[in-house]
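Here is a short briefing on charges, contacts and surface patches. Have the model open beside you as you read.

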Amino acid sequence: MDLTRTRPKTDEQRGTHRECVTVVITCYNHGRWLPDAIGSVMMQDHQPIETIVVDDGSTDDTAEVCRRFPGIRYVHQENAGLSAARNRGLREASGSLITFLDADDLLMPHAIKTGARLLAENPDWAFVFGGHRGVDADRRSLWETIPGPTNTSYVELLRDNLVVMHATVLYRRQRLEAIGGFDASLRASEDYDVYLRLARSGAFGCHGELVAEYRRHGSNMSEDAARMLRSTMEVLGRQVPRNAVEAAALGEGIAHFQRRYGLPLVKQAIRDLATARSAERALKNLALATKLAPKALLPALSDTVASVTRRAERWLPHRLRSGVRRRLGRGPLTPGFGQINWGDFRRTRPIEPHFGFQRGKPIDRHYIEGFLARHAADIAGRVLEIGDNDYTLNFGGSRVKHSDVLHISEGAPKATIVGDLANAAHIPNETFDCLVLTQTLHLIFDMPAAIRTIHRILRPGGVVLITVPGITQIDRDEWRDTWYWSLTATALRCLLAEGWSEVDVETHGNVLSALAFLHGIATAELAPEELAVQDDAYPVIVAARAVKAGSERL
């Protein structure tokens, strides 16, 4: 490629340095999170930025927090809800571009600059959006949602809310004002309503960069399935298709959100009834689901009956249990021939073709992180990880004295060593106390050579933590041409047959989680008890902990 023809323009050439951006931070009793939100705006590498905090009738120390930050405009109003608070910020704003940040969330340092640059390059776009990372209350990473190549259109928005997190969006203020801002009558999904109204008459785009952090702390609005179901159905109910394509997409979107929010709503109602927690709330939720998401009732009831049947079988005498299984088939409630309800799985294209990243945390990541958490004590001393060192830092913490990153590509941002594990003579012998090798070995054609390198560069008593794909999609993008293998537990055990004092190989997954992973369904869309079932015949991942023979471990 001739790089002189693709050299990026400077900000001065684009004119983005003249674009003032207003960041509106809405806050209702989230004063404890507010300093992080404000700090994330102050760290932006784009100027000028106007920051407005709209206090929606908080009773905590929100006002006092704002006084500690010079240059922040503080606006107080009586409690009127999130949409009204955002509209107040919109009226107060003077920037030509505007973004909205909830007080418990954060922006990445490049967030504003990335969005402003793309809007400058596409003057007809009403807004742009990107990816986000889910974190817990202490900002520990939970998942990443990074939009891939997406057909950003009104039709695609009807099928699903492509944006996912509102803080990743940068709007043209005048375009947002022209449609009247946010609908204050909506208790939730007001952002989805805005995207649809803007997209119906104009274009928008996606830059695919990770630009925000969504903090999950137990009181997030999106965790309220009843509220989300009610508001999303109201938003989609306002859409009037202009042609058959839009009508079909709207139908798909309604079905999608009925399942997304209706299924957990019904399951929670059934649990509430079974445990006598709140019969009144349970009946209200069942009535709501019956009205707005009737197709979620049968799958939820079927899952519940199956779960109860599995528990009951554990208490049956062996002879009776065998009889039950003969009558029901191999598992409880096995449908007869021709009686399978395929539902969403009767399709030849995956629900999400990028492992589930666009919907939340991929299922294989759930199993990988669980494996690393159980063996976190091994991640200590001098540690080598492949690609980046996120897992080293997240699970090793203060036990890690030195963190190295091996990457195949020259110039990789976090790499301290460049090379191929199958041919890495330049890495000295017995250098590392631990190797973190997650979902990498299958990208190396000569896997035995890679294992020999791992053994050679580990110190005696050192540990390698390996995960490899079992039942999986194949990457469509960066790694598709070097995706050589999927492994069984037997194959991984054979690869680690020589030179190790301890080798423990395990599988993680079952038929449901494997099917869900193939379709790109996210971890949060399955129940914890569904993910926890282990069936060696359906491994989503295979994992191994191997200790090099010797005793010079920390």
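Predicted model: local features only at pLDDT ≥ 70, side-chain atom pairs only at ≥ 80, totals over all residues.

Residues are numbered from 1 along each chain as its sequence is written, and side-chain values use heavy atoms, with hydrogens and water left out.

**Salt bridges**

- Side chains of opposite charge can pair when their charged atoms come close.
- The whole structure holds 30 salt bridges, each being a side-chain nitrogen of Lys or Arg within 4 Å of a carboxyl oxygen of Asp or Glu.
- Glu 92 pairs with Arg 73, with 2.6 Å between the closest N and O atoms. This pair links distant parts of the chain, as Glu 92 is in helix 4 (residues 82-92) and Arg 73 is in strand 3 (residues 73-77), 19 residues apart.
- Helices (H or I, at least four residues) and strands (E, at least two) are DSSP runs, numbered from the N terminus.
- Glu 92 is partly exposed because its relative accessibility is 26%, and Arg 73 is partly exposed with a relative accessible area of 32%. Here buried means under 20% relative accessible area, exposed means over 50%, and partly exposed lies in between (1.4 Å probe, protein chains only).
- Glu 190 and Arg 86 form another salt bridge, their closest N and O atoms being 2.5 Å apart. The two are 104 residues apart, with Glu 190 in helix 8 (residues 190-201) and Arg 86 in helix 4.
- Asp 433 meets Arg 459 in a salt bridge of 2.9 Å, N to O. It joins strand 13 (residues 432-438), which holds Asp 433, to strand 14, which holds Arg 459, across 26 residues.
- Asp 433 is buried at 3% relative accessible area, whereas Arg 459 is partly exposed at 28%.
- Salt bridges that share partners also tie Asp 183, Asp 193, Arg 197, Glu 234 and Arg 238 into one network.

- Asp 56 sits in strand 2 (residues 49-56).
- Although buried, Asp 56 has no salt bridge, and the nearest side chain of opposite charge, Arg 88, is 8.3 Å away.
- What does the side chain of Asp 56 make a polar contact with? The partner is the side chain of Gln 77, at 2.9 Å. A polar contact is a pair of N or O atoms within 3.5 Å; within protein, one must be able to donate a hydrogen and the other to accept it, and residues adjacent in sequence count only if both atoms are side-chain atoms.

**Surface residues**

- Arg 349 lies in the loop between helix 13 (318-328) and helix 14 (363-374), and is exposed with a relative accessible area of 66%.
- Tyr 484 is in the loop between strand 14 (458-469) and helix 17 (489-495). Its relative accessible area is 38%, so Tyr 484 is partly exposed.

- Ala 178 belongs to helix 7 (residues 173-178) and counts as exposed because its relative accessibility is 67%.
- Ala 178 and Leu 198 are 20 residues apart in sequence, with 9.4 Å from C-alpha to C-alpha.

Notes:
Lys, Arg positive; Asp, Glu negative; His and termini not counted.
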